[in-house]
Amino acid sequence: MLIIKLAIKNLLGAGLRTWLNVIALSFSYVAIIFMQGLYAGMNNQMEASTIKVQYGGGQYWHELYDPYDPLSLDDSHAKIPNEISGLIKNNDAASILINQGSIYPNGRMQNILIKGIDPNQKILAIPTHFLNNQNGFIPALIGGRMAKSSGLKKGDFVTIRWRDAKGTFDADEVKVVEVINTEVSEIDNGQIWIPLDKMREMTVMPGEATLIVLKQNSQFTKNLSGWEFKNLDFLLADLRSLATTKSAGASIFYFVLLFLAMLAIFDTQILSIFRRRKEMGTLMALGMTRSTLIKLFTLEGSMHAVLAAFAAMLYGGPLVWYLAKVGYGLPASTDSFGFALGDRIYPEFTALLIIGTILLVLTVTSIVSYLPTRRITKLKPTDALRGKFI
Amino acid sequence: MSNSFLIRTEKLYKKYPMGPTVLVALDNINITINKGEFVGLVGPSGSGKTTLLNIIGSLDSPTEGSAEVLGNKIETLSHQDAAKLRNNHIGFIFQTFNLLPVYTVYENVEFPLLLQDIPPAKRIELVMQALEWVGLADRKDSKPSQLSGGQSQRVAIARAVVKKPELILADEPTANLDAKNSHNIMETMVKLNEELDTTFIFATHDEKVMKYLKRKITLNDGYVQRDENISLNNQ
């Protein structure tokens, strides 16, 4: 208790030197918490968006379906198993049939994926009800990115070509009934959504699907012959590893900041030991042991982190609260990040993040504070009183 | 004053290696100091006064020989035990006062009591008593930077006596003070010596201090040249 009181007293007595270190260190707190909160928010946000519009509560894939191999699409379709058709009828699952195709917007050819989906499905948050509009044409939904790359807009007709189950090429015109704005590029880039029944008719694949999306929180995990169940951990694995990579990259920024703050603390400690060697001699003459002296000086250094935590709370608290509430606006170019992001990210600042950051900074500061004070173990009281350096 | 033995050195040497040669700072010192004495270690610069004072104060240890202080053999004390001895039984007064700059007068004087873990109420009583002894009770909230040299040294004396140690060691306590302040400081220490029966040992070559000493040990080149008791009549 004594050394805590002494450390506080000495620290406050050091005036501007202390406060400069405290301010520098508080920037590290705010930067780490802000960056980590931002990435946590971004990660959760993109997972939630992707689940909502793409993965649902898990998917059954046809055993030959490989999303990274378009050539697998010719064979990766089959009749929907009886065990799951009940779920589809009850709107607890939605089936999707995927095929390769080409469109010819403005006289040029573009390879696409044609995806058939039930216009009345409620499993994925895609406005498929627009596909109910079938007044003598094949209605098609495209995403904003697809619209941009193809030059198509709502109301446009475009020629579409595909190959049916028997390998025969066929072509027709589809009408873009809506351009949907989605954060998830995987349901947008290079694809066109059309009604499932029409798709089955076009491809001569009645009652068939490539994948079946379950409702969120569905408990259905039965083994279906010819189909493989992919849970969310599997489906989100790539996304999560991408988020981890991005987060690790960002951490370089705050490690540099933390390193600079630690350099300041280390420097302060060295300077403090150098300037206060006579004081150390006096303290030893008054009966303080070397180990208590080391504890005192280490504590003084470490308390920079405690004061910095309070300082960070003063200005960083309102800042992170505000950002968590209104979100952090992203520039349009963030689409090129390659994962689902909205216009704004809402950072998530959990108690674990805040406490963990405080403990991290406190631990690092304590170590950095301790390193120079180890020299005190070699200090002779007589040398210290004479102002001789160790 | 009782005559009980407080400090005894026997064949005490302190040597410092200086390249190929050895500097003998203390050369076969054999002295005994009893409780309640008011002793001066005098001699020119480099005669070994401060070195002897440091060894008696357990801040340093002898190279050879023995120094027994308050029943403790200095040469065998661990760092912890030496700190304990200083904390509980020895007060120090330094030439440059060595007050802790961020603390007030009160806190500086209180410091040794904090190390002894004395309860707050008792601490207040002892600190105020010590400040009254040195006549600085009204400056208790001042910082060292706001005090004159004489006042700073009186704070240092209060800090040394506050724990009522058996022994106070003062290294050139008046060297940085003018004649008037030196006189006041010495008067204060004589008063404390008489009232508290505290043993005082000074390292000094200040002529102003000499007339207050009751015993003068003259050192020269590290050895005891003369050890004389000075009766009040001679002063």
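Student: What should I know before I start?

Tutor: This is a predicted model, in which local features need pLDDT of at least 70 and side-chain atom pairs count only at pLDDT 80 or more, while totals for chains, interfaces and linings use all residues. Residues are numbered from 1 along each chain as its sequence is written, chains are lettered from A and ligands numbered from 1 in the order in which they are written, and side-chain values use heavy atoms, with hydrogens and water left out.

Student: What area do the two chains bury between them?

Tutor: Buried area is the accessible area (1.4 Å probe) that two parts lose on being put together, summed over both. For chain B and chain A that comes to about 2100 Å², with 65% of it on carbon and sulfur atoms. On the side of chain B, the residues that lose the most area to chain A are B:L59, B:V102 and B:L115, together 22% of what that side buries.

Student: Which residues form the salt bridge between the chains?

Tutor: Side chains of opposite charge can pair when their charged atoms come close. We call it a salt bridge when a side-chain nitrogen of Lys or Arg is within 4 Å of a carboxyl oxygen of Asp or Glu. The count between chain B and chain A is 1: B:E107 pairs with A:K9, and their closest N and O atoms are 2.7 Å apart. Helices (H or I, at least four residues) and strands (E, at least two) are DSSP runs, numbered from the N terminus.

Student: Which residues of α2(B) are buried?

Tutor: Buried means under 20% relative accessible area, exposed over 50%, and partly exposed in between (1.4 Å probe, protein chains only). In α2(B) the buried residues are B:A82, B:A83, B:L85, B:R86 and B:N87. Their cover includes α7 (277-285) of chain A, along with β4 (64-69), β5 (72-73), β6 (90-93) and α3 of chain B.

Student: Now the strands, please. What is the strand order in the open sheet of chain B?

Tutor: Strands of a sheet pair through backbone hydrogen bonds, either parallel or antiparallel. Two strands count as paired if DSSP finds at least two bridges between them. The open sheet of 4 strands in chain B has the order β2-β1-β4-β5, with antiparallel pairing. Strands β2 (21-34) and β5 of chain B stand at the edges with a single partner strand each, so one side of each has no neighbour in the sheet. Inside this sheet, 5 bridges join β1(B), residues 5-18, to β4(B), and B:T9 has B:A67 as its bridge partner.

Student: Where can I see parallel pairing?

Tutor: Look at chain A, where β5(A), residues 138-143, runs parallel to β7(A), residues 169-180, with 6 bridges. There A:P139 stands opposite A:K175. Strand β7(A) also pairs with β6(A), residues 157-163, in the antiparallel sense over 7 bridges.

Student: Which residue forms a salt bridge with B:D227?

Tutor: The partner is B:R215, with the closest N and O atoms 2.7 Å apart. B:D227 sits in strand β10 of chain B and B:R215 in strand β9 of chain B, 12 residues apart. B:D227 is partly exposed, with 39% relative accessible area, while B:R215 is buried, with 7%.

Terms used: Contact = heavy atoms within 4.5 Å.
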